[in-house]
Amino acid sequence: MEIAEKKGKLFIISGPSGTGKGTICKALLERNDIDISVSMTTRTPREGEIHGVSYYFATREEFEQTIAEGGFLEYADVFGNYYGTPKAMVVEKLQQGRDVILEIDVQGAIDAKKVYPESILIFILPPSLKELRARIEGRGTETEEVINLRLSKALEEMSYIDKYDYFVVNDIIDDAIIRTEAIMHAEHGRVVPEDVKYILDKYKEEEKCYTHQ
Ligand code: ADP
Ligand code: 5GP
């Protein structure tokens, strides 16, 4: 008998810009059978970013139209641009029993948890602010002005850690990936009332077969 949970789990990953969220999420996708939500944003694409893969790049008008249609699970203004999670794909995947990752900012994570209380919030911390600056500068995708804006918000973002379920310090990348995966595996063993009924029903079904043999 296979004991599978009914619905997929929604893992929400946040942390200051440059802390390594994207790097960790990429590894999680390569190593596990999970999906990631592609957000919509009004930010300008960076070199190498692909529409529909990195983000759905949209104008402010298109974004506001999607807000008006109720198309977002959550959205927020982050560093002066809109970012939002299209609702349909996430809901569909979870219903299919697939795990979904959202890589979103703290405001979005807190809003998403209100809409979907079963979601699991994971905060990725840098080993130090000095290393955070080195990483964001080393990535070489932002201007000095944007880097300073993002770094100035880092401590404020970290102050929301008490709203999260878990934290992972991304010092050595392989350790951070393993820790994040460990959290995800542990969450699949969490006793959730809705899932317990589903699991017990499976045993009850099996018992019926036994007694009729
Ligand atoms: P975020 O998605 O949080 O903005 P990225 O994943 O883009 O951050 O990482 C920022 C930069 O830091 C990238 O150049 C990435 O290769 C590098 N990086 C990520 N994790 C580590 C780590 N543990 N040690 C050193 N460099 C890292
Ligand atoms: P970046 O511009 O570096 O790709 O992302 C900037 C910030 O926006 C990051 O903190 C990232 O997690 C967040 N972000 C990306 N997509 C979404 C989203 O759909 N919703 C929210 N609220 N934040 C997002």
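The model is predicted, so local features are given only at pLDDT of at least 70 and side-chain atom pairs only at pLDDT 80 or more, while totals for chains, interfaces and linings use all residues. Residues are numbered from 1 along each chain as its sequence is written, chains are lettered from A and ligands numbered from 1 in the order in which they are written, and side-chain values use heavy atoms, with hydrogens and water left out. Ligand 2 sits in the largest pocket, and the space taken by ligand 1 is the largest pocket as well; a molecule sits in a pocket if more than half of its atoms lie within 2 Å of the grid points of that pocket.

**The largest pocket**

- A pocket is an open set of points on a 1 Å grid over the protein atoms alone, where a 1.4 Å probe fits and protein lies on both sides within 12 Å along at least five of seven lines, and its lining residues have an atom within 4 Å of a point.
- The largest pocket holds about 1,100 Å³ of space, a volume being the space filled by probe spheres set on points that are joined across faces, edges and corners.
- Its lining counts 38 residues, and those nearest the centre are Gly-22, Arg-46, Glu-49, Tyr-55 and Glu-103.
- Two or more lining residues come from each of α1 (21-31), β5 (72-78), β6 (81-86), α5 (129-139) and α6 (144-158), where helices (H or I, at least four residues) and strands (E, at least two) are DSSP runs numbered from the N terminus.
- Helix α1 contributes the largest share of this lining, six residues.
- By class, the lining has 12 nonpolar, 13 polar and 13 charged residues, with Ala, Val, Leu, Ile, Met, Phe, Trp, Tyr, Cys and Pro counted as nonpolar, Asp, Glu, Lys and Arg as charged, and the others, Gly among them, as polar.

**Ligand 1**

- Around ligand 1 there are 13 residues, of which Gly-18, Gly-22, Thr-23, Arg-139 and Asp-171 come nearest; a residue is near a molecule if one of its heavy atoms lies within 4 Å of it.
- Polar contacts are pairs of N or O atoms within 3.5 Å, and an oxygen atom of ligand 1 lies 2.5 Å from an N or O atom in the side chain of Thr-23.
- Backbone atoms also take part, with a polar one of Gly-20 at 3.0 Å from an oxygen atom of ligand 1 and an N or O atom of Asp-171 at 2.8 Å from a nitrogen atom of ligand 1.
- The protein covers 73% of the 570 Å² of accessible area that ligand 1 has on its own, areas being computed by the Shrake-Rupley method with a 1.4 Å probe.
- The shell around ligand 1 divides into two nonpolar, seven polar and four charged residues, and α1 gives the most to this shell, with three residues.

**Ligand 2**

- Ligand 2 is surrounded by 17 residues, the closest being Ser-39, Arg-43, Tyr-55, Tyr-83 and Asp-105.
- A polar side-chain atom lies 2.6 Å from an oxygen atom of ligand 2 in Ser-39, in Arg-43 and in Tyr-83.
- Of the 510 Å² of accessible area that ligand 2 has on its own, the protein covers 96%.
- Strands β5 and β6 each supply at least two residues of the shell around ligand 2, and this shell has six nonpolar, four polar and seven charged residues.

How values were computed
A polar contact is a pair of N or O atoms within 3.5 Å; within protein, one must be able to donate a hydrogen and the other to accept it, and residues adjacent in sequence count only if both atoms are side-chain atoms.
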